[in-house]
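Take this structure one part at a time.

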Amino acid sequence: MSTSAVGAAPGYRPSATLPFVAEFRRQAARRRTQLALGFMVLLPLIILIAFQFDAGDDDNGGGEFASLISFATSGGLNFTLFTIFVSASFLLVVVVALFFGDTVASEASWGSLRYLLAVPVPRARLLTVKLLVAAAYSASALLLLAGTALVAGT
């Protein structure tokens with residue numbers, strides 16, 4: 001007796017459907033992924049330009065804020081920590097929610113989810129691969145932000 005499921009097509013293996021690399025490439029080709037990762041590169045540059053326009057002769061609204069700015073501009077690692085601190089409260093949450101929340105919803109709205117489920121890709125495999133790809137893109141967005149901030153701050 002063969003190891004395939006009863007009633008399955010000959011040669012069908014659920015583990016061979018929807019490979020990680022294929023889903024990773026599909027997500028990389030999407031405009032929202034490109035824009036989100038591009039903004040992760042631009043944000044430290046925008047913060048750096050804002051620090052360059054600061055004249056330094058005003059009080060900046062208090063001693064705590066002035067000390068935070070002097071901390072951020074004192075080195076590359078400090079600028080990286082400042083950039084992550086500034087973006088962690090809202091921007092990184094939005095980017096992670098975009099990667100995790102929009103993967104299945106966008107497939108459903110574009111009509112391609114029904115083709116993925118008709119292949120047949122097991123639902124658990126579909127969700128697992130999409131979860132892993134979203135986690136990989138979220139981690140790469142954080143690394144892009146930190147890497148760009150480190151290079152720009154140095």
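This is a predicted model: local features need pLDDT of at least 70, side-chain atom pairs count only at pLDDT 80 or more; totals for chains, interfaces and linings use all residues.

Begin with helix H4, which covers residues 76-88. Its 13 residues reach 18 Å from the first C-alpha to the last, close to the 18 Å expected at 1.5 Å a residue. Which residues of H4 are buried? They are Gly76, Phe79, Thr80, Phe82, Thr83 and Ser87. Seen down the axis of H4, these buried residues fall within an arc of 165°, so they line one face of the helix. The face of H4 turned away from that buried side carries Leu77, Leu81 and Phe85, and these residues are exposed.

Now step back to the whole chain. The protein has seven helices and zero strands. Along the sequence the pattern reads α-α-α-α-α-α-α. Of the 154 residues, 30% count as buried. Consider next the contacts between residues at least 6 apart in sequence. Of these, 81% join residues at least 24 apart.

Turn to H7. Its 31 residues should span 45 Å at 1.5 Å a residue. The end C-alpha atoms of H7 are 44 Å apart, which agrees. Buried residues are found in this helix too, among them Leu126, Val129, Lys130, Val133, Ala134 and Tyr137. The list of buried residues in H7 also includes Ser138, Ala141, Leu145, Ala146, Thr148 and Ala149.

Rolling a probe the size of a water molecule over the atoms shows where empty space is left. How many cavities of 30 Å³ or more does a search of the whole structure find? The search finds one. About 40 Å³ of space lies in the largest cavity. The lining of this cavity is made of Gln27, Arg32, Thr33, Phe99, Thr103, Val133, Ala134 and Tyr137. Helix H2 (31-53), helix H5 (91-110) and helix H7 (123-153) are the elements that give two or more residues to the lining. The largest share, three residues, comes from H7. By class, the lining has four nonpolar, three polar and one charged residues.

Threonine 103 sits in helix H5. Is threonine 103 buried or exposed? Its relative accessible area is 5%, under the 20% cut-off, so threonine 103 is buried. Leaving aside neighbours within four places in sequence, threonine 103 is in contact with Gln27, Arg32 and Lys130.

Next, follow helix H2, where valine 41 is found. Valine 41 has 30% relative accessibility, so it counts as partly exposed. Valine 41 and leucine 145 are 104 residues apart in sequence, yet their C-alpha atoms are 5.8 Å apart in space. Not counting residues up to four places away in sequence, valine 41 touches Leu144 and Thr148.

Finish with helix H3, residues 63-72, which holds serine 70. At 43% relative accessibility, serine 70 counts as partly exposed. Phenylalanine 51 lies 19 residues from serine 70 along the chain. The C-alpha atoms of these two residues are separated by 9.9 Å.

How values were computed:
Residues are numbered from 1 along each chain as its sequence is written. Side-chain values use heavy atoms; hydrogens and water are left out. Helices (H or I, at least four residues) and strands (E, at least two) are DSSP runs, numbered from the N terminus. The expected span of a helix is 1.5 Å times one less than its number of residues. Buried means under 20% relative accessible area, exposed over 50%, partly exposed in between (1.4 Å probe, protein chains only). The arc is that of the directions from the helix axis to the C-beta atoms. On a 1 Å grid over the protein atoms alone, a cavity is a set of points where a 1.4 Å probe fits but cannot get out, and a pocket is an open set with protein on both sides within 12 Å along at least five of seven lines; lining residues have an atom within 4 Å of a point. Grid points are joined across faces, edges and corners, and a volume is the space filled by probe spheres set on the points. Ala, Val, Leu, Ile, Met, Phe, Trp, Tyr, Cys and Pro count as nonpolar, Asp, Glu, Lys and Arg as charged, and the others, Gly among them, as polar. Contact means heavy atoms within 4.5 Å.
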